[in-house]
Amino acid sequence: MKNFLLCSILLINACLLNAQAVYPVQKTTEPQESMRIMPGAEKVEKKSYEPAGWVYSSNYMKFLLPGSYTLTRSLGVLFPDSCLFHVNNQMGEMNIFSCWMHAIGCSFDPYSEAFDRMFANGILPTPAGDGSVETYPYRIDTILARGVYYWGEKDGYNAASPDTMRFFISYHHTYQWTGKNTEWKALFWTSDKHHDTVLFSPMVIADKQMAAQSKGSALKPAAASCITVDYVLKEKDSTYYWDSIDHTTGDTTRWLRYTNIEVPIENGFEVPAGAVVSVIAKFIPGYDYQLGDTIMYGDLNDKNNYLKGYPRYSHNCFRMMYYYEGTIKKAFCDPWGFNFNFYEDKTQRYQTASALYNTIYWPTATRIPYFGFYIATDEETAVTVIDSNIASGVTDRENIIAKIYPNPANSQITVRLNSEEPATITLFNALGQEVRKVHATTQETVIPVRDLNAGIYLIRVEQKGMQHQGKFVIQ
């Protein structure tokens with residue numbers, strides 16, 4: 001059943017990748033994706049792991065957005081260090097310098113119900129919010145990062161000193177709520193009085209030896225499970241261009257192609273049952289850059305005037321592909337889970353190890369990078385995973401709820417309690433906003449929902465100091 005679900009997800013994702021993206025004066029195309037089996041996957045795997053295939057971050061985020069919204073793709077430069085600036089020629093201002101993103105990442109939770117359009121199942125058996133579940137560990141054998149690898153005018157490709165993509169990979173026991181405030185933090189939107197959405201963000205530590213250098217401190221995840229995987233960029237990884245001419249107007253359009261960086265992990269990265277993975281990507285330059293160097297600067301005809309015109313690239317860089325949605329505050333946030341995305345920015349890098357401003361990667365709900373994960377699962381080593389529910393205070397549903405139906409619903413839902421004790425039933429939308437509250441005085445309560453918009457909703461039932469919460473869908 002899980003393999004069928006995974007294949008369905010991949011087919012949906014392939015349909016998403018046909019569109020073209022525009023970035024300033026350039027356009028992009030990308031290859032189609034399909035189910036791929038790694039070389040040697042047919043051989044006997046370590047332990048009981050069986051290949052399950054590729055899963056992409058776009059699978060997750062597509063289901064989180066209502067059908068009326070369109071995912072927009074863009075490219076963000078991974079700046080090598082805090083000493084590097086780019087010129088932000090915005091709204092006619094010619095003197096704005098900004099140093100933005102030094103790393104970008106996201107979490108991968110195969111147990112998340114956000115991988116299912118109906119929010120019913122994850123890719124693997126999902127630790128339930130109303131008790132415990134038998135699930136099993138998994139392994140990540142390969143990760144994929146999509147973007148464009150530019151050769152700058154000052155550098156180009158140098159086989160003797162190549163550029164590197166660095167990946168920090170770690171796992172976190174968010175469902176068991178262990179490692180909180182030492183390896184990861186649980187954040188909430190201040191507007192959510194009920195803390196319906198838990199925002200997961202890995203904590204960081206600084207390398208003191210790197211912090212002593214003029215180019216800033218080196219940050220990495222604090223998790224004990226963290227491994228570092230380096231991928232040395234090859235000449236063939238470089239983005240290539242071709243031009244097309246509009247014969248009616250004579251305009252020339254320059255096209256570029258995305259680069260898929262596939263990074264195999266030696267022996268695989270084994271993840272315990274119920275744990276969530278985080279992946280952070282960084283660009284490590286092979287060229288000798290100096291304090292104050294600029295990756296991007298302006299006028300194509302005047303190299304000395306970098307405050308005019310469109311940006312151009314003086315140094316090699318990697319621009320990571322990401323999706324964004326700017327109109328929904330929680331666009332890429334699992335409404336009741338731990339999936340989230342994050343990056344490392346100037347508020348962290350302009351520090352020393354002894355005066356780190358932020359101890360976590362900077363969270364963002366409207367921007368998520370494009371990653372792929374080739375996973376294998378160990379279904380023969382099933383273990384019981386219990387969701388401690390410390391965040392929400394949820395208790396065993398069997399003490400309160402007999403049944404909530406139908407799901408999906410059209411015009412009404414019925415809540416059947418185990419007793420006739422008074423209860424409070426509250427409905428929240430995916431943004432955490434309270435949309436209905438009912439005080440139940442009988443064992444069975446019918447709640448009209450015809451006037452509510454289609455989508456995913458949270459239901460919370462409180463009775464005699466106990467609490468149950470679950471999800472349902474309005475079609």
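The protein chain contains 4 helices and 34 strands, where helices (H or I, at least four residues) and strands (E, at least two) are DSSP runs numbered from the N terminus. The model is predicted: local features need pLDDT of at least 70 and side-chain atom pairs count only at pLDDT 80 or more, whereas totals for chains, interfaces and linings use all residues. Residues are numbered from 1 along each chain as its sequence is written, and side-chain values use heavy atoms, with hydrogens and water left out.

Of the 475 residues in the protein chain, 51% are buried; buried means under 20% relative accessible area, exposed over 50%, and partly exposed in between, with a 1.4 Å probe and protein chains only. The chain exposes about 21300 Å², of which carbon and sulfur atoms supply 51%; accessible areas come from the Shrake-Rupley method with a 1.4 Å probe, and for residues only the protein chains shown count as cover. Among contacts (heavy atoms within 4.5 Å) with a separation of 6 or more, 73% join residues 24 or more positions apart.

**A four-stranded sheet**

An open sheet is formed by 4 strands in the order β31-β30-β33-β34, with antiparallel pairing; two strands pair if DSSP finds at least two bridges between them. Because β31 (434–440) and β34 (466–474) stand at the edges with a single partner strand each, one side of each is left without a neighbour in the sheet. Neighbouring strands of this sheet are turned by 20° against each other on average, direction ignored; the axes are lines fitted to C-alpha atoms, for helices over the stretch in contact, and angles run from 0 to 180 degrees between N-to-C directions. Within the sheet, β30 (residues 423–429) and β33 (residues 455–463) pair over 6 bridges in the antiparallel sense. Ile-425 has Val-461 in β33 as its bridge partner.

**Buried sites**

Helix α2 (residues 57–64) is mostly covered, with 7 of its 8 residues buried. These buried residues are Ser-57, Ser-58, Asn-59, Tyr-60, Met-61, Phe-63 and Leu-64. Further buried residues are listed below.

| Residue | Relative accessible area |
|---|---|
| Cys-106 | 1% |
| Cys-317 | 0% |
| Thr-142 | 4% |

Thr-142 lies in strand β9 (residues 138–150). Thr-142 and Gly-268 are 126 residues apart in sequence, while their C-alpha atoms are 7.5 Å apart in space.

With a disulfide taken as a pair of cysteine sulfur atoms within 2.5 Å, the count comes to 0 disulfides.
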